[in-house]
Amino acid sequence: MPIEVTRLFDFPYYQLEKYNLKNAFTSKASGKWVTINTQEYINEANKISRGLLKLGIKPNDKVAVISSTNRTEWNICDIGVLQTGAQNVPIYPTISKEDYEYVLNHSEATYCFVSDIEVLEKINKIKDNTKLKAIYTFDTIKGEKNWQEVLDLGTDTSNQEELDQRKNNVKTDDLATLIYTSGTTGKPKGVMLSHKNIVSNVLSSYERVPLDYGNSKGLSFLPICHIFERMILYLYQYCGVSVYFAESIEKLSENAQEIKPNVMTAVPRLYEKIYDKIILKGETLKGIKKALFFWAVNLGLKYEPNGANGWWYEKQLGLARKLIFSKWQAALGGELKLMVSGSAALQPRLTKVFAAAGMPIMEGYGLTETSPVVTVNDQRNKGFKIGSVGKIITDVEVKIADNGEILVKGPNVMLGYYKDAEKSASVLKDGYFYTGDKGEIDSDGFLKITGRTKEMFKTSGGKYVVPPLLEGELKQSLFIEQVMVVGESEKMPAAIIQPNFEFLKDWISKKELKIGTSNAEMISSKIVIDRIQKEIDKCNKNFGKWEQIKRFELTSDVWSIDGGHLTPTMKMKRAIIKEIYNDLYEKIYRG
């Protein structure tokens, strides 16, 4: 009888029975790709489980796992922890030591696995204030406990019977993991997800994966501590996809050329960066090559699925793919059949141009609290609509409240927030999860996100403004890398902008302008300010007078995760950005 997957640790055993992959997981170590097969994956996970039992891990204990990059060890530890009936608490590597202390104490984690010296140093500063009994490192660090010690403990199989009993005692409705949302405001919330929550989400999402099961390669680089990438990795295991871990986002293109992946996932900001780099390269071309490049781009920007533009457009597209878009594909390995986007809104121009290039991005929608997928586009059977986040997946129900809020019901909806019944009750009502996002479902069943209830604000004149709509429009400009629209309870909307410094330097050089190219010099140049004003004016034409951006200020900083501007999934931390640039905010409204 085939294995039925009801708990997260069933996935490796299902893969062994159905696909038995030669390359289940592959990471780079000392410049070489190192692979383990499905059986080795299971063997190592069982060693971790037996080792943890010897360390005294009990059911419902919490084990933290923190890694700066995605790597094979994370997945082995994940299954190893879950098989004991304990819970895996993944933590973002880039948070402050204060947040580490909060999460470790709130979760009451007793053991911790960390990837490297940087993470370890942060943990060592606060470990005495926590309940941690030991910290194990994946990298070999002199004088520190290594995860190999737990594997060595588990080499002895004398407690395998106890482990089997523990596994048998884990039920599908049991808590599997606590995921602390990075949060754009306040302290992180511990989202309680059961085995069933995530397993059901994998099985329902499986129907939307148009891959050659058992023979495809996936490239993974989004933080695995985020539920989006973690669910995708379980999905890859279920589909028999060989997983390769990119060394870093900076080495993404290089790794893709080595691996030649068929599928990868990313957040919109990364697709924007890939697109901007391609356009910058196109700008350096000359003559007929440049003309052909931008002919193909402009053709791509008119793309519609299912041949809706007619035979003549499709004919031209075939030529553009051969002459221009094939080079885009080659930059990402040449075998990419599918890209998936989640976490924030994807600009329709990116959906169009990458689909035209033969590397379609299937945008989906979900939240940590929904494990995460609620809807996703699918190229097949007219299941792909630009500007939408796709159709609702099987077994999930979506209802639009009278105020436009998206409500979700289904086996993927979280158990609640850990140790916070009040907050749980505020978002879980009558079986529905209140997402805080606004949307509408069209006559074909596609969901469109129209805003976020928490991100909307009123000006002092009582008019509503939806910042993400303005920001999405502005970020289509090559001159603008990041933008945050402000103006709550103020007389008008305004914007704090981080220019695209790389593009600006190129633009200054081409125009032979007498402007210094340090960030500070560029943002104080009247020529640059006037040029960005043109982008603002262009954006404003698409909005009502009360929504239009009347003033803006530029920052010389590059907004980043480490700088505190962005969450690990590259969403803006609005309250923190406003605090960082309070002087610019005051200049706009009180200056």
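Which residues are linked with Lys28 in a network of salt bridges? The partners are Glu247, Lys251 and Glu258, which together with Lys28 make up the network. A salt bridge here is a side-chain nitrogen of Lys or Arg within 4 Å of a carboxyl oxygen of Asp or Glu.

Before going on, a word on the model. This is a predicted model, in which local features need pLDDT of at least 70 and side-chain atom pairs count only at pLDDT 80 or more, while totals for chains, interfaces and linings use all residues. Residues are numbered from 1 along each chain as its sequence is written, and side-chain values use heavy atoms, with hydrogens and water left out.

## Salt bridges

By the rule above, the count comes to 29 salt bridges.

| Pair | N to O distance |
|---|---|
| Lys54 and Asp156 | 2.7 Å |
| Glu304 and Lys352 | 2.9 Å |
| Lys337 and Glu335 | 3.8 Å |

Let us start with Lys54 and Asp156, whose side chains meet in a salt bridge. This pair links distant parts of the chain, 102 residues apart: Lys54 sits in helix H2 (residues 38-54), and Asp156 in the loop between helix H6 (147-153) and helix H7 (160-169). Helices (H or I, at least four residues) and strands (E, at least two) are DSSP runs, numbered from the N terminus. Lys54 counts as partly exposed because its relative accessibility is 36%, and Asp156 counts as partly exposed at 39%. The cut-offs are simple: buried means under 20% relative accessible area, exposed over 50%, and partly exposed in between (1.4 Å probe, protein chains only).

Next come Glu304 and Lys352, also joined by a salt bridge. They too link distant parts of the chain, 48 residues apart, with Glu304 in the loop between helix H12 (287-300) and helix H13 (311-331) and Lys352 in helix H14 (residues 348-356). Glu304 is partly exposed, with a relative accessible area of 28%, whereas Lys352 counts as buried at 16% relative accessibility.

In the pair of Lys337 and Glu335, Lys337 has a relative accessible area of 48% and so is partly exposed. Glu335 is partly exposed as well, with 35%.

Which residues make a nonpolar surface patch of about 340 Å²? Ile288, Leu292, Leu319 and Leu323 do. Patches are made of residues with over 30% relative accessible area and no salt bridge; like charges are joined within 9 Å, and nonpolar side chains (Val, Leu, Ile, Met, Phe, Trp, Tyr) within 5 Å. Accessible areas come from the Shrake-Rupley method with a 1.4 Å probe, and for residues only the protein chains shown count as cover. Helices H12 and H13 each supply at least two residues of the patch. Leu292 belongs to helix H12.

Helix H3 (residues 72-82) packs against helix H9 (residues 227-239) at an angle of about 85°, and their axes are 12 Å apart. Axes are lines fitted to C-alpha atoms, for helices over the stretch in contact, and angles run from 0 to 180 degrees between N-to-C directions. H3 and H9 are therefore roughly perpendicular to each other, a term that covers angles of 65 to 115 degrees.

Where the helices meet, Trp74, Asn75, Asp78 and Leu82 in H3 touch Arg230, Leu233 and Tyr234 in H9, contact meaning heavy atoms within 4.5 Å. How many residues of H3 are buried? The answer is 11 of its 11 residues, so H3 is mostly covered. Among them are Trp74, Ile76 and Leu82.

## Loops worth a look

Ser371 and Pro372 are joined by a cis peptide bond, with omega about -10°. Pro372 lies in the loop between strand E13 (361-366) and strand E14 (373-376), and Ser371 is found in the loop between E13 and E14. Phi of Ser371 is near 70°, a positive value in a residue other than glycine. Is Ser371 buried or exposed? At 0% relative accessibility, Ser371 counts as buried.

Asp395 has a positive phi too, near 75°. Its place is the loop between strand E15 (391-392) and strand E16 (397-400). With a relative accessible area of 58%, Asp395 is exposed.

Terms used
Parallel < 35°, antiparallel > 145°, perpendicular 65-115°, else oblique.
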